[in-house]
Each structure stands twice: as C-alpha cells, then as structure tokens.
Amino acid sequence: MSTQEILARMEKAMVEGNKEEAEALAKEATKQRLDLNEVIDKVYVPGIQKVGDLWEKGEYFLPELITSAECVKGTMSVLQPEIEKSLISAKSKGKAVIRTVKGDIHDIGKNLVASMLAANGFQVVDLGADVKLEEFIEIAEAENTDFICLSALLTTTKLAQKKVIEILRKKTSEAGVKFWWEVHR
Amino acid sequence: MSGPVKKIENFKVEFDEKRILTLIGYKKRPKEIKEPIKSLIAEEKKKLDNLLHPASIYTIIDYAVTNKHPIFKDAEKVAICVCTIGPELEQEIKKLMEKNEMTRALILDALGSEAAEEVAIQSDRILAEKARKMNLWPSKRFSPGYGKWDIREQRFIFRLLPAADIGVRLTESCMMVPRKSVSFRINFYKEQRLSTRKKGT
Ligand code: B12
C-alpha cells in the first residue's frame, strides 16, 4: 500500500466510523514507519473536520460523532506509544479537566464530551464521577489546566457547579479562566 | 391510612424505536440509520434479556398520610410508586465505556432509559385501573423533579416506600440508585376534573 493510499483509507475509515479498519491501518502506518505526526495532521485533523461538517449539515448525529471519536481513540492508542518512542510530542490544543460533580453519578454525557475533546486534539484528564470539589480544584490547579468541564444533571447537584465557579472566580479574578458547563432546563 | 405495600415484577418491556433514536441523539429522524450504528443498535438490543430486571413497588395512601404538599390538594387518595430495571444494565454500560465502546454505551444507556420509562408506564396503568376500581378518578402520572414538585420531594416518597425491597435507594442529593429508576405519584380524586384522565389511559 502506498503512503497516499494508507492515508486516504485511514481518513475514510475514520469518517465512516470503521474502527477495526482504522486501527489496522494505524498499525500498517507504524510498520511502514510513516511520519506519525504527519499522519495525525493529514488524516485526523481533516477527518474530524469532515465529521464535524457532516454534523453541521445534519447528516451526522451524535452516534456517528462518537463512533468517529472511538476510531481516533483506538488508533491513537496504536500511534501514541510509537510517537513517544520517537521523542516527538504530539501537539495538544489545550488541557481539560473534566468530572461529574459530587453527588451525581451521571457519567455517560461527561464521557461522551471527554472522548470528543480527546478526538479533537485536547489532552483530557478525566476525574470520573462523584469527585469531591476540593480535590477537583486541587487537581485542576496542579495539572495547569486550560479548561474545567463539569457535568451535573439534577437541580440538587447543579449547585456544585455554582460553587466551583464561585471558588474559581475568587482564586483567579485576573487569570482569565474560561467557564464551560452544561446547563439542563 | 397507609395501604399495604405491593410489588410488581412481571413486566414485559417493549421498545419504541423512535424514542430510542431521539435519546441517542437523532434530533430528526434520518432517512435510514447507517452502518455501523444500525448493527450496533440491533446487537445491544439482543443483550437486554439478560440485563433487564424490571420491578416496581407502590402503595396507596390517604391524603392525611401525605406531607400535605400543594400538589396533593383535593386528592382523596394518592398512589406512590418507584420503578427500576435493576443495576445490571449500568454495569454493562460501565464495562463498554472502559473498552472504548462509547457508541454501544450510548445505545445501551438509551435502551435502559426507555425500559425504565416503560416500567413506569405499565405501573401507572395498573394504578389507574386500581383507582377506577375504587370508584375514584386518577390524575396523570407526576414525578418529583418536574414542574412544581421539587426533586427533594423524593425524600417523602422514600420515607413511605421501602424501595430497598426492589433494590432502589436514594442518595443524599436525591438521586436514585440504580440510575435507571423512576418515581411517581398519581392523585385519586372523588370527582372527574380537567386534570383527571379519560378511560383506558
Ligand atoms: C432519559 C432520562 C431519564 C431516564 C434515564 C436517567 C439516567 N440518568 O440514566 C429515566 C427515565 C430513568 C429518568 C429518571 C429520572 N429523571 Co430523568 N431525564 C432523562 C432525559 C430525558 C435525558 C437524559 C439523558 O440520558 N440524555 C442522554 C445523555 C447522553 O445526554 P447527557 O447526559 O445530557 O449528556 C449530553 C449533554 O448534556 C452534554 N454534556 C454532558 N455533560 C457535559 C459536560 C460539559 C462540560 C459539556 C460541555 C457538555 C456536557 O453532552 C452530552 C452529549 O450530548 C433528561 C432531560 C434531558 N433532555 O436532558 C431528564 C432529566 C435529567 N430527568 C429529570 C428527572 C427529574 C428525573 C427523575 C428524578 C424523575 C423521577 N422522579 O423519577 C428520575 C431520576 C433518576 C435517578 N436515578 O435518580 C430532570 C432533572 C431535573 C431536575 N429537576 O433535577 C430532567 C432534566 C428532565 C426535566 N425535568 O426536564 N430520566
């Protein structure tokens, strides 16, 4: 298989959500010693873009987005160790710390967001569900994170989001922290 | 007066395909569900026989036994009920997520939501029928967390019902565990009202 062919088929597999094929091609790419950062730039970046475009056009829905994100995660688990071996660090768009707030155990939505962020080139520190507030902020600080993502589904647990925001506002009044949370009506 | 506490366990859960598609994110129905999603839905559905353990528990109480929250006003009696599909489906979802099978997890989660809803619908029908047998008029089904009935009112329901008997408990933040559980009430009125329902519903 030529490099061009591998790259084209990889992108196709990703856009169509064909995980086995995507992972097999990633293995092929490492075997052929292709420049893996180039693979990421030429396959994943435009691939995920295409998936996003199809979503915008109303042709793709959440399940298709998630399947493509699964492909990215699956192939990255093949490529990442090789990239690390070659001592080139993959480019990251930023770091996000994500969790479901304490008292809430809804984690499927949070996991979907985490995998989507990862597929789009963000580094994600996933703290799971039901994490204590203080612990979460401590980790977010230690990790030097760019984004803090909180998930809560119930009126009772949404209060925790408010609290995090208050604490962070106090701590970082001038640091320009971005707030991004999901509000349910 | 508090009536006896009863359990229902013989549910046959059927699925409304359209609602499942909406739950997994098809905001409008696409012409066809493409592969691989189509097969994934079919495969996850097949697992359900082993993963669903539907049950509900209910009691019918006099107005005097309620906490007199305005939503019970004028009711002669109130039926309260907790329904669940059990914890097994959630355990499977967790396993899927750990294996990077997020789409399957999303689909199974939606199937579980729909199954829980279905157990509530069927329990609701049984309770409405009981109201009619008592010559009373049943209201629609209402759940804490909707409209004027705050989610914290879950505590009232769990005070009156030994939901642990069907494996459901309430956390401090008023969440039911297992997650795929539903609680609700139906008011039974002496007279027909705008809010009471028609026969057969
Ligand atoms: C399906 C459903 C159920 C199902 C399944 C519940 C479950 N948790 O598994 C059943 C029927 C069992 C159920 C039960 C109840 N439910 Co319910 N349920 C829903 C419903 C319709 C959809 C939730 C869902 O599964 N979505 C699919 C998943 C994949 O999406 P998601 O988790 O929201 O995540 C997406 C986004 O939110 C976002 N996201 C999530 N996290 C994050 C984080 C960040 C940073 C970002 C950017 C984005 C993001 O991205 C995700 C992907 O798109 C919502 C209403 C709604 N439309 O949201 C009500 C809702 C959550 N339920 C509600 C209520 C009240 C209840 C009950 C308390 C009712 C009752 N008394 O029985 C119970 C509670 C159950 C429990 N365990 O305690 C209320 C909660 C409101 C409140 N007052 O607290 C809601 C909001 C409905 C309403 N009133 O409007 N429910």
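What share of the 185 residues in chain A do buried residues make up, and which residues are the closest to the ligand?

Mentor: This is a predicted model, in which local features need pLDDT of at least 70, side-chain atom pairs count only at pLDDT 80 or more, and totals for chains, interfaces and linings use all residues; side-chain values use heavy atoms, with hydrogens and water left out. Residues are numbered from 1 along each chain as its sequence is written, while chains are lettered from A and ligands numbered from 1 in the order in which they are written.

To take the first point, buried residues account for 46% of the 185 residues in chain A; buried means under 20% relative accessible area, exposed over 50%, and partly exposed in between, with a 1.4 Å probe and protein chains only. For chain B, 53% of its 201 residues are buried.

The ligand is surrounded by 35 residues, of which the closest are A:His106, A:Ser151, A:Thr155, B:Met176 and B:Lys180; a residue is near the ligand if one of its heavy atoms lies within 4 Å of it. Because residues from chains A and B surround the ligand, the site is shared between chains. The shell comprises 17 nonpolar, eleven polar and seven charged residues. Here Ala, Val, Leu, Ile, Met, Phe, Trp, Tyr, Cys and Pro count as nonpolar, Asp, Glu, Lys and Arg as charged, and the others, Gly among them, as polar.

Several polar contacts can be named; each is a pair of N or O atoms within 3.5 Å, and within protein one atom must be able to donate a hydrogen and the other to accept it, residues adjacent in sequence counting only if both atoms are side-chain atoms. From chain A, an N or O atom in the side chain of A:Ser151 is 2.6 Å from a nitrogen atom of the ligand, and a polar side-chain atom of A:Thr155 lies 2.6 Å from a ligand nitrogen atom. From chain B, the backbone takes part: an N or O atom of B:Met176 lies 2.7 Å from an oxygen atom of the ligand.

Helices (H or I, at least four residues) and strands (E, at least two) are DSSP runs numbered from the N terminus. At least two shell residues each come from helix H5 (108-119) and strand S3 (147-151) of chain A, and from helix H5 (102-133) and strand S7 (181-189) of chain B. H5(B) gives the most, with five residues.

These elements also belong to the wider fold. In chain A, which has seven helices and four strands, S1(A), H5(A) and S2(A) make a right-handed β-α-β unit; right-handed means that, with the strands pointing away from the viewer, the path from the first strand over the helix to the second runs clockwise. Strand S1 (residues 95-100) and strand S2 (residues 123-126) of chain A run parallel, joined by four bridges, with A:Val97 opposite A:Val125. Two strands pair if DSSP finds at least two bridges between them.

In chain B, S7(B) belongs to an open, antiparallel sheet of five strands in the order S1-S2-S3-S7-S4. Its edge strands are S1 (6-8) and S4 (137-138), each pairing on one side only. Eight bridges join S7(B) to strand S3 (residues 77-84) of chain B, where B:Ala79 stands opposite B:Ile186. The loop between S4 and helix H6 (154-160) of chain B holds B:Ser143, whose side chain reaches the backbone oxygen of B:Ser183 at 2.7 Å. At 14% relative accessibility, B:Ser143 counts as buried.
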